[in-house]
Amino acid sequence: MKPTFSIIFFTVISGAGLGLLSLLSLADLFPGEMFPRRALTSGIAAAFALISVGLASSVLHLAKPSNAWRAFSRFRTSWLSREAVLSASLVAATLLYGAIAAFTTAGDALRLPVAAIVWVLCIAVLFCTAMIYTSLKPIRQWHTRWTPACYLLLGHWSGALLLLALAIAFGAAAAAYAWLAAAIGIAALVAKLGYWRAIAADPGALTLERAIGVREGVRPPGMSIAQARLFDLGHTHGTFLTHEFGFTIARKHARALRALSLALVFAVPALAWIAGARSAGAVSLLALLCIFGLLAERWLFFAEARHTVRLYHGDART
């Protein structure tokens, strides 16, 4: 599928903000002063900025951005609508959370319930974003349980690096957040490798026979074996389908981008931390490199997706 930068930017940047806010609110829920108050308010502000910028960029790919409000109208049936409604709820809850953390001295009784709500909404928004793609059965590379796992874990991994930078900058228990980031990073790496292995599995690929039901028994009476072949592509010129779903990336380029994303997202932060990059500035730079790597990873997520409609335009399998 043809990658759209605004959606790539949205899912990566808002994912980092949601991961940061999720971990920040979760740390706030633990007993004791896990995070200094100034660090908490700074973290909420940074997460809110990332989420807001990401959400704003998500409407740029629309032909008529003025119609974006319609995304709120199908909550019962549409994952996109659920994402929109929950994102708006999260923005309001985050503003309240930040105001309580910055301006009140009422203690935990008021702040912690709001922190719990913010944490639930962060997880819900990330999950809904992933399910927009997971629910699309015609695209095998998206319609897999690995898609929500990757969205949740990669968002939390980039957020964990940002949280670690905040912890170092404000003198919090950096060692604890380093172990948390390491655990999330390992889980995210396993999920991403599992995703790539799943979409490479040839038995799961769709062919024209499977798409029209020949393999499932739709064949002329008396025939035990039937094959399907395409007589005509149906178009002499490009169409929306061929333009949007006919995008192809060379295998060698996909391998190079996978290696680049793995290096920036996982290898460089891990090796730099082992080598002694423990300052707030160094970890912030590692978080930035991770986000750049996630842009490459998310571009591949879209570029490697092959819609079933391609079978009717000459592809042997999707």
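Biologist: What does the accessible surface of the protein come to, and what share belongs to carbon and sulfur atoms?

Modeller: The accessible surface comes to about 16,000 Å², and 68% of that belongs to carbon and sulfur atoms. Accessible areas come from the Shrake-Rupley method with a 1.4 Å probe, and for residues only the protein chains shown count as cover. This is a predicted model, in which local features need pLDDT of at least 70 and side-chain atom pairs count only at pLDDT 80 or more, while totals for chains, interfaces and linings use all residues. Residues are numbered from 1 along each chain as its sequence is written, and side-chain values use heavy atoms, with hydrogens and water left out.

Biologist: How many helices and strands does the protein have?

Modeller: There are ten helices and zero strands; helices (H or I, at least four residues) and strands (E, at least two) are DSSP runs, numbered from the N terminus.

Biologist: What makes the pair of tryptophan 142 and phenylalanine 301 stacked?

Modeller: The structure holds twelve aromatic pairs. Rings of Phe, Tyr and Trp (its six-membered ring) pair if their centres lie within 6.5 Å; planes under 30 degrees apart count as stacked, over 60 as edge-to-face and the rest as tilted. The ring centres of tryptophan 142 and phenylalanine 301 are 5.4 Å apart and their planes stand at 15 degrees, so the pair is stacked. Tryptophan 142 lies in the loop between helix 4 (108-134) and helix 5 (146-169), and phenylalanine 301 lies in helix 10 (residues 280-303), 159 residues apart.

Biologist: Why is it said that tryptophan 157 and phenylalanine 266 tie together parts that are apart in sequence?

Modeller: Tryptophan 157 and phenylalanine 266 form a stacked pair, 6.2 Å centre to centre with 15 degrees between the planes. Tryptophan 157 belongs to helix 5 and phenylalanine 266 to helix 9 (residues 251-274), so the pair joins parts 109 residues apart in sequence.

Biologist: Why does tryptophan 157 count as buried?

Modeller: Buried means under 20% relative accessible area, exposed over 50%, partly exposed in between (1.4 Å probe, protein chains only). Tryptophan 157 has 7% relative accessibility and therefore counts as buried. Phenylalanine 266, with a relative accessible area of 11%, is buried.

Biologist: Which charged residue sits over the ring of tyrosine 151?

Modeller: A charge sits over a ring if NZ of Lys or CZ of Arg is within 6 Å of the ring centre and within 35 degrees of the ring normal. The charged end of arginine 298 sits over the tyrosine 151 ring, 4.4 Å from its centre. Arginine 278 lies over the face of tryptophan 273, at 4.2 Å from the ring centre.
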